[in-house]
Amino acid sequence: MTLQKTDSANPVTIITSHANADFDAMASMLAAQKLYPDALVVFPGSNEKNLKNFFIQSMVYLFNIVEIGKINFSAVSRLVLVDTKRRNRIGKLSRILENPGLEVHIYDHHPKKDDDIKADKEYHMLTGATVTILSAILRKKDIPITPEEATIMCLGIYEDTGSFSFPSTTEHDFKAAAYLLSKGADLNVVSSMITREFSPEQIGLLNDMIQASRRYTIKGVTIVLTGVITDNYFPDFSFLVQKMAKIENVDAIFALALMENKVYVVARSRTDDVDVGDILDQLGGGGHPTAAAATVKGKTIAQTEQLLFEALYEKINSRFLAGNLMSSPPLMTDEDTTCKEVKALLTRYNVNALLVSKTPSPNSEVTGYITRQVIEKALFHHLDAIEIREYMNSEISHVTKDAELDEIQDKIIGNKQRILPVLEDDRVVGVITRTDLLHTLVQQRRPSNYETPKLNGESFNKRSRIIVNFMRERLPASIYKTLVLLGENASHLGYTVFVVGGFVRDLFLYRKNEDIDVVVEGNGIEFAKTFARSYGARLHTHQKFGTAVIIFPDGFKIDVASARMEYYQFPASLPVVEMSSIKMDMFRRDFTINTLAIQLNPGKFGKLIDFFYGQKDIKDKVLRVLHNLSFVEDPTRVFRALRFEQRFGFTIGKLTSSLIANAVKMDFFKRLSGKRVYTELKLILKEDNPAPTILRLMDYDLLKVIHPAIKIQNDLKYMVDTAKKVTDWHDLLFIDESYKRWTVHFMALIRHCDLNTTNEICKHLTIAPRQAAMFGESRFDAERKLVQLERVNRMSNAEIFNLLNTTKTELILYMMVCTTSRMAKKRISNYHTRLRNVSITISGKELLSMGLSPGPLFGKILQSVVEAKLNGKLKTREDELQFARKKIEGSNIEK
């Protein structure tokens with residue numbers, strides 16, 4: 001088309017966007033042109049190489065373009081802004097805003113600011129792309145769209161949402177893309193424009209950016225800052241920043257580049273604590289909370305960096321507030337508690353200081369604190385029975401939940417106070433220890449990839465991020481909906497609820513697990529009762545442990561627990577349970593990989609919480625306990641460690657391995673009840689492949705925990721491996737019958753135990769009488785039958801059938817495991833796959849019709865028919881009838 005200068009006599013409508021326009025800006029201008037067909041499009045000029053080529057080579061004819069130098073600014077009566085509403089983003093066109101009577105229309109998806117351009121009409125929505133808003137208007141007005149136009153608009157959505165992967169993506173973006181596809185959008189064109197391969201120049205600049213990167217911790221948030229200088233403008237700088245953000249794996253990244261006397265700043269964030277749009281607004285730029293950019297003129301890169309730091313310290317939300325650092329609920333005792341009793345409390349909770357209240361009442365005034373050091377000195381001087389009011393430190397300061405780190409530091413260090421209570425509405429809701437403060441201060445100075453020791457009893461700062469999109473992608477729709485409902489119901493009761501444990505672990509391991517375990521900060525049983533009533537489910541409760549099981553009509557179950565902490569009165573005992581918070585509930589878990597929790601309450605749904613570096617251990621495939629006395633308190637965790645190690649292909653951490661060896665050496669297992677050992681052993685044997693775990697039990701000399709007679713025999717490895725092969729063989733036959741697979745592995749394990757030893761094992765493990773009989777008398781009967789199968793050279797099918805017909809499937813498979821005889825294996829296989837399913841078509845009714853009177857002869861004749869059929873002598877029903885007649889006639893002759 002021919003570009004003409006605007007006529008000052010006629011009112012003019014101008015459509016424009018921000019400088020350095022991207023695909024969304026270009027697509028939005030095209031969509032706006034459909035709404036304002038007589039308007040002129042002033043394309044502000046893009047520095048994106050592929051966008052420039054796109055215009056030049058293909059679609060420029062779609063736009064009613066006028067060059068900015070040919071516009072009579074005073075003639076413009078209406079300004080249509082798309083994808084921006086900031087005066088400093090539209091360059092020279094901002095002069096039009098001074099026109100008297102100017103009408104301004106804005107279509108934008110960026111967050112609103114106080115100094116935005118004031119509009120007569122504004123269409124605003126927080127979507128992933130501005131063209132999403134405009135395409136919805138076009139659809140509502142039923143304005144026709146050509147396939148070429150639909151392609152450009154679709155391109156804008158795909159770019160600004162990162163092909164629907166950015167956190168700013170909304171359901172409206174998906175709906176808009178679907179609508180544009182229905183109008184003929186060409187995804188091949190979109191893909192070719194969005195997909196970018198690295199050029200040598202890009203790789204070089206990205207390497208420079210990575211080499212120049214520095215990490216800072218500001219108010220508890222780790223950010224990466226990098227800066228580069230190039231002689232010429234580099235067209236794909238934002239693309240490289242996006243790539244670097246994925247590589248660095250941090251909360252936020254800010255990249256500065258000095259190009260052609262301007263400093264370009266591009267930022268990306270994936271945490272709510274860093275709103276990069278708000279931060280770069282301080283530099284004259286803008287954008288979204290997760291992605292933003294700014295162009296700074298007349299400043300050096302060092303000056304721009306200084307301005308950026310000022311904005312960061314002003315705008316980043318602090319993570320170092322008392323409410324974030326505290327441990328909750330607070331552990332307290334009252335003034336009347338004796339020194340001896342306090343020593344027991346300090347040991348039970350594994351802490352070094354306790355708050356002291358005036359009375360045992362939960363809302364009682366805090367009057368001081370007592371430390372382990374003071375208590376130990378008191379006990380040394382035989383002051384066991386003296387109340388702690390005599391020796392507690394009564395000079396105690398406190399903070400509120402919104403106290404900043406400086407105030408916390410001043411009161412703990414300045415007052416030499418070991419423990420600091422945190423108050424809300426004059427009520428103690430948590431505590432911050434000196435160790436908590438030290439950990440926080442050290443974290444401020446270390447690189448974010450530095451890891452502190454995890455195996456101790458102190459509290460930790462949690463690592464959290466939102467994983468809603470990941471949950472939608474990984475979970476079945478029904479499970480996802482159930483989690484949403486759990487969160488909504490908890491919020492109605494004023495509780496906080498989390499899905500925890502193996503469910504979350506397996507989510508990150510990409511393993512199917514629909515066993516939902518939830519923890520409630522509050523009364524778990526009350527929550528479970530309310531939820532069950534709402535959805536017509538049944539409920540089983542366990543008041544002692546504060547747990548419940550919700551059972552839906554279709555059999556689906558949800559395990560509910562109150563957040564709790566456990567302590568053990570002596571090694572290998574069952575735990576004593578007390579109410580607690582999610583942090584202390586996670587600390588009682590067995591391994592770090594099982595300490596992940598996802599909050600389900602509305603507003604925080606999908607917030608992953610990781611107190612103990614569980615994500616890193618999952619990534620590194622390492623199994624670690626949470627503290628050094630873990631196996632002392634509960635030795636059954638050793639069995640779980642070996643089971644998880646083999647199931648997930650993990651490695652047991654060096655310290656954890658030495659702690660297992662110590663538990664075996666100290667024989668903490670001797671106090672375990674046989675029932676608990678049996679429970680863990682069954683779980684091992686029920687694994688898809690229990691053989692490697694059994695061999696690991698051998699490595700740690702743990703088979704003796706089952707019984708000293710189970711020793712490392714030369715053929716034990718062969719037996720457990722063969723049991724796996726045999727049970728797999730059976731399962732691949734797809735025989736429609738149930739059997740207890742794990743029992744085959746158990747019998748292989750006790751293969752060399754005699755009957756008396758087997759009975760002792762069954763008694764020690766409290767195995768049910770029916771199964772004990774199978775492991776004992778029935779197993780030895782099966783071994784006697786196996787001897788016949790191995791030694792008798794000639795056996796008919798009928799003889800094999802009669803020998804094995806009353807033998808359980810589990811014992812048949814056990815015999816297959818035990819034998820090395822090819823002949824015996826062939827006979828067992830023949831019976832199991834064919835002979836046992838042989839049946840005859842005749843019955844006593846046919847024998848009666850042949851004149852045979854009822855009596856013992858009935859069974860003998862039918863049995864002889866079965867045997868003849870097994871041996872291949874009878875094929876048809878007529879063969880069976882004729883054979884029976886001959887038997888009857890023969891019996892009559894004998895009579």
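**Close-up views of a predicted model**

**View 1. The open sheet.** Five parallel-paired strands make up an open sheet, ordered E2-E1-E3-E4-E5. Strand E2 (40-41) and strand E5 (121-124) are the edge strands. Each of these two pairs on one side only. The model shown here is predicted.

**View 2. Pairing of E1 with E3.** Strand E1 covers residues 12-16, and strand E3 covers residues 76-82. Five bridges join E1 and E3, and the sense is parallel. Which residue in E3 is the bridge partner of Thr-13? Look for Arg-78.

**View 3. Helix H3 on the sheet.** Residues 130-141 form helix H3, which packs on the sheet. Helix H3 touches E3, E4 and E5. The direction of H3 makes about 110° with that of E4.

View 4. Helix H1 spans residues 23-35. H1 lies across E1, E2, E3 and strand E4 (103-108). Relative to E3, helix H1 runs at about 135°.

**View 5. The largest cavity.** The structure has two cavities of 30 Å³ or more. The largest has a volume of about 130 Å³. Its lining counts 14 residues. Closest to the centre of this cavity are Arg-86, His-110, Pro-111, Gly-286 and Gly-287.

View 6. How many residues of each class line the largest cavity? Seven are charged, six are polar and one is nonpolar.

Technical notes:
Residues are numbered from 1 along each chain as its sequence is written. This is a predicted model: local features need pLDDT of at least 70, side-chain atom pairs count only at pLDDT 80 or more; totals for chains, interfaces and linings use all residues. Side-chain values use heavy atoms; hydrogens and water are left out. Two strands pair if DSSP finds at least two bridges between them. Helices (H or I, at least four residues) and strands (E, at least two) are DSSP runs, numbered from the N terminus. Contact means heavy atoms within 4.5 Å. Axes are lines fitted to C-alpha atoms, for helices over the stretch in contact, and angles run from 0 to 180 degrees between N-to-C directions. On a 1 Å grid over the protein atoms alone, a cavity is a set of points where a 1.4 Å probe fits but cannot get out, and a pocket is an open set with protein on both sides within 12 Å along at least five of seven lines; lining residues have an atom within 4 Å of a point. Grid points are joined across faces, edges and corners, and a volume is the space filled by probe spheres set on the points. Ala, Val, Leu, Ile, Met, Phe, Trp, Tyr, Cys and Pro count as nonpolar, Asp, Glu, Lys and Arg as charged, and the others, Gly among them, as polar.
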